[in-house]
Amino acid sequence: MNSKALEICYDFPFFLDEELDEIFQAHEKVSFQKGDIILEEGKTANEYYILEKGLARSYVNDFSGNEVTTHFFADNEIIIEVLSLFQRIPSQENIVCITDCECWRFDFETFQELFHKIPNLREWGRAWMSKELFAYKQRSVEMFTLSATKRYLNLLEQKSQVVQFAPLKQIASYLGVTDTSLSRIRKEIVSHPKKN
């Protein structure tokens, strides 16, 4: 089974070829359409997905009932709700497809089997979790230390397809700004590209 997305996600120096083969074989190819819900608030996650192609997002509903985007998932990333999957508790987040998505599904039971069977999968998991924890910490600090314009430019640089395909409202909630502020920021960037 050849998949660039699987190779990128499981890029870990200690995996043996046969271990990777077994891990790759445990994934099942699935497709979602734009608007499909991958995980619904209140349900417990029973799998994670490697996103081959497409764009998805996770969001919560705030105390006023507004959707607040917590994360965007782009090509070659893992679509996961870590807390729900590994703590076996109902999700507080929803995960939905912004575009049609091609994914590789890895169900929790099979993951657990291989996790105990292949020590390198445990090491990969630890390394992946550390990297994700660092990224979430970085993002939470940047929400307070960077201007909204700089946060938007970072998003544009790191995940350009978000800016291309996600509605303004979803991007604004992710950046912690109003739709109006984000429109203004976008106009400023277009009219004064050198200033930013």
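**Close-up views of a predicted model**

The lining of the largest pocket comprises 20 nonpolar, eight polar and 10 charged residues; here Ala, Val, Leu, Ile, Met, Phe, Trp, Tyr, Cys and Pro count as nonpolar, Asp, Glu, Lys and Arg as charged, and the others, Gly among them, as polar. The model is predicted, so that local features need pLDDT of at least 70 and side-chain atom pairs count only at pLDDT 80 or more, while totals for chains, interfaces and linings use all residues. Residues are numbered from 1 along each chain as its sequence is written, and side-chain values use heavy atoms, with hydrogens and water left out.

View 1. A pocket is an open set of points on a 1 Å grid over the protein atoms alone, where a 1.4 Å probe fits, with protein on both sides within 12 Å along at least five of seven lines; lining residues have an atom within 4 Å of a point. Of the 38 lining residues, His71, Glu132, Ala135, Tyr136 and Lys159 lie nearest the centre of the pocket. Two or more lining residues come from each of helix H1 (4–9), E5, helix H5 (119–145), helix H6 (148–158) and H8. H5 gives the largest share, 14 residues. Helices (H or I, at least four residues) and strands (E, at least two) are DSSP runs, numbered from the N terminus.

**View 2. The open sheet E1-E8-E3-E6.** Four strands form this sheet with antiparallel pairing, two strands being paired if DSSP finds at least two bridges between them. Strands E1 (28–32) and E6 (78–79) stand at the edges with a single partner strand each, so one side of each has no neighbour in the sheet. Helix H4 (residues 108–117) packs on the sheet and touches E3 and E8, its direction making about 60° with that of E8. Contact means heavy atoms within 4.5 Å; axes are lines fitted to C-alpha atoms, for helices over the stretch in contact, and angles run from 0 to 180 degrees between N-to-C directions.

**View 3. Pairing of E3 with E8.** Six bridges join strand E3 (residues 47–53) and strand E8 (residues 101–107) in the antiparallel sense. Tyr48 has Phe106 of E8 as its bridge partner.

**View 4. Strands E4 and E5 with helix H8.** Strand E4 (residues 56–61) runs antiparallel to E5, joined by six bridges. Ala56 is bridged to Phe73 in E5. Helix H8 (residues 168–175) lies across E4 and E5, at about 90° to E5.
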